[in-house]
Protein chains: 2
Amino acid sequence: MTAPSGPTLVAGGAGFIGSHLCRALLEAGGQVVCLDNLQTARASNLLALERHAGFTFVHGDVTQPLPEAITARAPGFARIYNLACAASPDLYQADPEHTMLTNVVGTVQLLRLAEQTGARFLLTSTSEVYGEPEIHPQPEHYRGHVSCTGPRACYDEGKRAAETLAFDFARRGRADVRVARIFNTYGPQMRLDDGRVVSNLICQALSGEPLTIYGDGSQTRSFCYVADTVDGLIRLMECEGIDPQPVNIGNQQEITINELVEVLSSLGTAPLDIVHRPLPMDDPQRRRPDISRARAVLGWEPLTPLREGLAMTCEWFAGELRSNGLPVTTGARAAPGRRRVAAGGA
Amino acid sequence: MTAPSGPTLVAGGAGFIGSHLCRALLEAGGQVVCLDNLQTARASNLLALERHAGFTFVHGDVTQPLPEAITARAPGFARIYNLACAASPDLYQADPEHTMLTNVVGTVQLLRLAEQTGARFLLTSTSEVYGEPEIHPQPEHYRGHVSCTGPRACYDEGKRAAETLAFDFARRGRADVRVARIFNTYGPQMRLDDGRVVSNLICQALSGEPLTIYGDGSQTRSFCYVADTVDGLIRLMECEGIDPQPVNIGNQQEITINELVEVLSSLGTAPLDIVHRPLPMDDPQRRRPDISRARAVLGWEPLTPLREGLAMTCEWFAGELRSNGLPVTTGARAAPGRRRVAAGGA
């Protein structure tokens, strides 16, 4: 990638994927302005970024009028990435009104900024726009199967509405718009309390706690290593002359939660017990991207094998737990006949 | 209906359904405060309402901070109806960003007002949340088939997001919320340039112009007379102890556009020519409500036969055209072998 001619604004740049994106842009020689409300950001993500001379942090919430530190330098922006929104169900459901407004008001403000400045705009949407899909894998033209009245809707419908705004700006020539639909992504710098399956299981495994499996563990996910996701986002942003259509960014390798547990066990960190709990409401049973479009248009596909990505993630989580003064159980290989503990009505 | 103990706020009360709702509430002895930006309102709707002593008009746009005339009297509101949004594709697509924000920012502001004041809140959602449905008729639990990237999405996804906000407020006990999904409604006080099939065909019929049929006219709609729709809305608002679930309000009688043309012809107003034009993008092929829930919970169903409703509507449109100084062709009964004119690539 060659660095664009002006600085890049990354809204949500202190979050999990956002901080990896900022680092990749900085390492490629770019100037990065990160706008973040620090709702779900990790302070250490920011500290690491602030070592780069090209990095500027601006504290602000995209549901509010944009800070003067952003609007004053707006004419210089060449690229605007919008990653602003809590992405884990526990966190985005904590304040559903704020989640919706982050996606709608936040996106419209950043789109207007792109329109005013001529910056190219990339929205990070989500596989959640497909809801509980009825076809597998999900291509971009699939309209989805989303409950607009349920507890996940603040995020799912918020992202759908954000896409709508982006494509309306594109249709009217108001901005050069890219929309990435990001599927499950994992890796270092996730929050320990992110609440999603990879971080939950790794933390439990490293802490010697029973692993929680929601439902019977036969539901599938497709996990993409964060470096691959970030590579896809940058390729999508820098690709010239692309049709204004959404692009799935994710890993096509579909595994069950039970298989994920097996991989973690084989890394030598899994404890012996498993606790089954009921599936949360509206939790999708399967989710797997069709990445034909990303392959064809961006020449992109994930390169990191799951086992390798999980090993790097476990290593990073172990360091985090230790630096938080927490005990880390390693080398607790799964016994062949490990006990299963039923709990919570599962 | 007995009038609630405080005034009723009707956002969008100067529009088509809104003005009928205001009149019904006033005639039942209520006090009504109408908040409207006059984007699609007809001045004569307002003039007629202003004859009632209990009526107050406040000019304002729900995407902006609510006017002081609203916030100052907010503690008195017993009911808040949100009907604020252009509902015809021509009008809501004219400014898609404003359409989205009307639904999201407007709804959240009115929900907060309901939370602050304890007023009961009713959102008028739409059959458009079902998109181009794959099942017929559509029950409320159907998740819909909506393109979130197309030109209709600003309305469809805006209403879905508004529902999400309403149900999040309900789930957290922040407001007593009702959501009506209104299907096609017609009647007096529609805009002549509303752009939807009933007003288009009636205006063309009365003016002696060729009738425009999009596609081959085999697509179906279900048309509900406005007095029936308003009765459904008031019943839903005043119903005690209802589950916070959406309720379809519409007419189950499904007719093709060709059959609608036949009914209009039989009223003695149809001209001889028909022009076929291509179907607009994302135009649904069928749309018909399952109103089992409205029947069971509200004891409601439409009472006005289509022929009778259309006759009243034609009469009103003829008066409007005449008062605008336009010629009205009446009594032009369809000849058995009327000419068909192909146009626009149909």
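Student: In this predicted model, how many residues does the contact take from chain B and from chain A?
Tutor: The model is predicted. Two chains meet, and each side can be counted. The contact takes 29 residues from chain B and, from chain A, 29 residues.

Student: Which helix of chain B gives the largest share of the side that touches chain A?
Tutor: Helix 5 (96-117) and helix 6 (153-171) of chain B each supply at least two residues of that side. By class, the side of chain B that touches chain A holds 16 nonpolar, 6 polar and 7 charged residues. The largest share is 12 residues, and it comes from helix 6 of chain B.

Student: Which strands stand at the edges of the open sheet in chain B?
Tutor: The sheet has 7 strands, paired parallel, in the order 3-2-1-4-5-6-11. From one strand to the next the twist averages 20 degrees. An edge strand has a single partner, so one of its sides is left without a neighbour in the sheet; these are strand 3 (55-59) and strand 11 (246-249) of chain B.

Student: At what angle does helix 8 of chain B run to strand 6 of chain B?
Tutor: Helix 6 of chain B lies across strand 5, strand 6 and strand 11, at about 155 degrees to strand 5 of chain B. Helix 8 of chain B lies across strand 4 (79-82), strand 5, strand 6 and strand 11 of chain B. Its angle to strand 6 of chain B is about 160 degrees.

Student: Is the crossing of helix 1 and helix 8 of chain B left-handed or right-handed?
Tutor: The two helices pack at about 65 degrees, with axes 9 Å apart. Their contact residues include B:Leu21 of helix 1 and B:Leu233 of helix 8. The contact divides into 8 nonpolar, 2 polar and no charged residues. The crossing is right-handed.

Student: Where in chain A is the pLDDT below 50?
Tutor: Chain A has a mean pLDDT of 90, and 93% of its residues reach 70 or more. Where pLDDT is low, the predicted coordinates should not be read in detail. The stretch with pLDDT below 50 is residues 331-346 of chain A.

Technical notes
Residues numbered from 1 in each chain as written. Chains lettered and ligands numbered in written order. Predicted model: local features only at pLDDT ≥ 70, side-chain atom pairs only at ≥ 80, totals over all residues. Contact = placed C-beta atoms within 7 Å. Helix = DSSP H or I, 4+ residues; strand = E, 2+ residues; numbered from the N terminus. Nonpolar A, V, L, I, M, F, W, Y, C, P; charged D, E, K, R; others polar. Axes fitted to C-alpha atoms, helices over the stretch in contact; angles between N-to-C directions. Left-handed = near helix turned anticlockwise from the far one by under 90°. pLDDT = per-residue confidence, 0-100. Pairing = 2+ DSSP bridges.
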